[in-house]
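The sequence and the structure are shown first.

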Amino acid sequence: MENEKKPYEHEIEIKGVTKSYEKKDGSFLALSEVNLNIDRNEFICVVGPSGCGKTTLLNIIAGLHHATTGTVKVRGEEVTGPGKGKGVVFQQYALYPWLTVEKNVEFGMKMKGIPKETRRETAKKYMHIVGLEKFAKSYPKELSGGMKQRVALARAYATNPEILLMDEPFGALDAQTRAQLQENLLNAWQQEKKTCFFITHDVEEAVLLSTKIIIMSASPGRIREVINVDLPYPRNQETKLTPEFNTLKNEIWNKVYKEYLQHAK
Ligand SMILES: Nc1ncnc2c1ncn2[C@@H]1O[C@H](COP(=O)(O)OP(=O)(O)OP(=O)(O)O)[C@@H](O)[C@H]1O
Ligand SMILES: [Mg+2]
């Protein structure tokens, strides 16, 4: 399989994507000429000021919105709608309140017609990775925000998507829970390298998780710079203490922060 020639070059190919929104006072260019290739198993973090089009870009890759011009291809196929190969985790946990944790994690697999026995086993594996085995029979209302987000993560992984799209999934969490979830996500990714597209406002989070950071800038939204994060894996919270980590974090933080300041003028 590995040596077979693929009919496409990159896992995700974004070519000349622009997005205009029609507003009362005319059209607004939210994304301008975005070109980006993402390879299999890459963990991409996208940072940039509020309103620079990060969510817009994610929604276009997810097939939830259409680009005004340009194309997005996932594994060589043009994205025309939300397909099965894409798992999305939003900022606000979208769990089914009437289903237990276990049933929530199993839901996507059930929709795919995966047999009960396999569903159970797979759900168990991912609940273990995110540290929620003990809560398998609990309902979402009995969980904290961080725990709910861990269920969302386990569910996304359990459906075995080719790519994972995450829009500030840890944005609403406190620092400690956030660190725990970063660890969960790192563990999951280090075990099974899904291609990830992860939006965050947190430069430290971006450096910790990613193989590559995309810095976007606003008005109109575009890709300003792509930075390789060459820190070795496995990574964990202690990686944040290394000089290499801090050099990179400062470099990127300066770039993003300067952009914020320019934007605020
Ligand atoms: N449905 C819409 N109609 C009109 N304008 C929109 C719509 N959605 C987004 N926009 C505008 O497009 C721009 C990009 O929005 P988007 O949500 O992609 O930004 P973002 O980078 O995700 O911001 P944040 O960091 O605050 O989440 C913003 O200026 C926003 O006002
Ligand atoms: Mg957004």
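A network of salt bridges links E102, E106, R119, R120 and K137; a salt bridge here is a side-chain nitrogen of Lys or Arg within 4 Å of a carboxyl oxygen of Asp or Glu. The model is predicted: local features need pLDDT of at least 70, side-chain atom pairs count only at pLDDT 80 or more, and totals for chains, interfaces and linings use all residues. Residues are numbered from 1 along each chain as its sequence is written, chains are lettered from A and ligands numbered from 1 in the order in which they are written, and side-chain values use heavy atoms, with hydrogens and water left out.

**Salt bridges**

Side chains of opposite charge can pair when their charged atoms come close.

| Pair | N to O distance |
|---|---|
| R75 and E11 | 3.3 Å |
| R119 and E106 | 3.3 Å |
| K255 and E225 | 2.7 Å |

The side chains of R75 and E11 meet in a salt bridge. R75 lies in the loop between strand 4 (69–74) and strand 5 (77–78) and E11 in the segment before strand 1 (12–23), so this pair ties together parts that are 64 residues apart in sequence. Helices (H or I, at least four residues) and strands (E, at least two) are DSSP runs, numbered from the N terminus. E11 is buried at 2% relative accessibility, whereas R75 is partly exposed, with a relative accessible area of 24%. Buried means under 20% relative accessible area, exposed over 50% and partly exposed in between, with a 1.4 Å probe and protein chains only.

R119 and E106 form a salt bridge. This pair links distant parts of the chain, with R119 in helix 3 (residues 116–129) and E106 in helix 2 (residues 101–111), 13 residues apart. Both R119 and E106 are buried.

A salt bridge also joins K255 and E225. K255 belongs to helix 7 (residues 243–264) and E225 to strand 10 (residues 222–228), 30 residues apart. E225 is partly exposed, with a relative accessible area of 24%.

E42 is located in the loop between strand 2 (26–38) and strand 3 (43–47), and is buried, with a relative accessible area of 11%. Leaving aside neighbours within four places in sequence, E42 is in contact (heavy atoms within 4.5 Å) with N37, W189, K194, T195, C196, T211 and K212. E42 and K212 are 170 residues apart in sequence, yet 7.4 Å apart in space, C-alpha to C-alpha.

**Nonpolar cores**

A nonpolar core is a set of buried Ala, Val, Leu, Ile, Met, Phe, Trp, Tyr and Cys residues joined through side-chain atoms within 4.5 Å. The largest such core has 49 residues, and those with the most contacts inside it are F43, M166, L185, V207, I213 and I252. Helix 4 (residues 145–158) gives the most to this core, with 8 residues. Not counting residues up to four places away in sequence, M166 touches F43, L58, V89, L153, L185, C196, F197, F198 and I199. A second, separate core of 26 residues includes I38, A62, F197 and I199.

**Lining of the largest cavity**

Residues lining the largest cavity are Y126, I129, V130, L153, A154, Y157 and A188. On a 1 Å grid over the protein atoms alone, a cavity is a set of points where a 1.4 Å probe fits but cannot get out, and lining residues have an atom within 4 Å of a point. Helix 4 gives the most to this lining, with 3 residues.

Methods
On a 1 Å grid over the protein atoms alone, a cavity is a set of points where a 1.4 Å probe fits but cannot get out, and a pocket is an open set with protein on both sides within 12 Å along at least five of seven lines; lining residues have an atom within 4 Å of a point.
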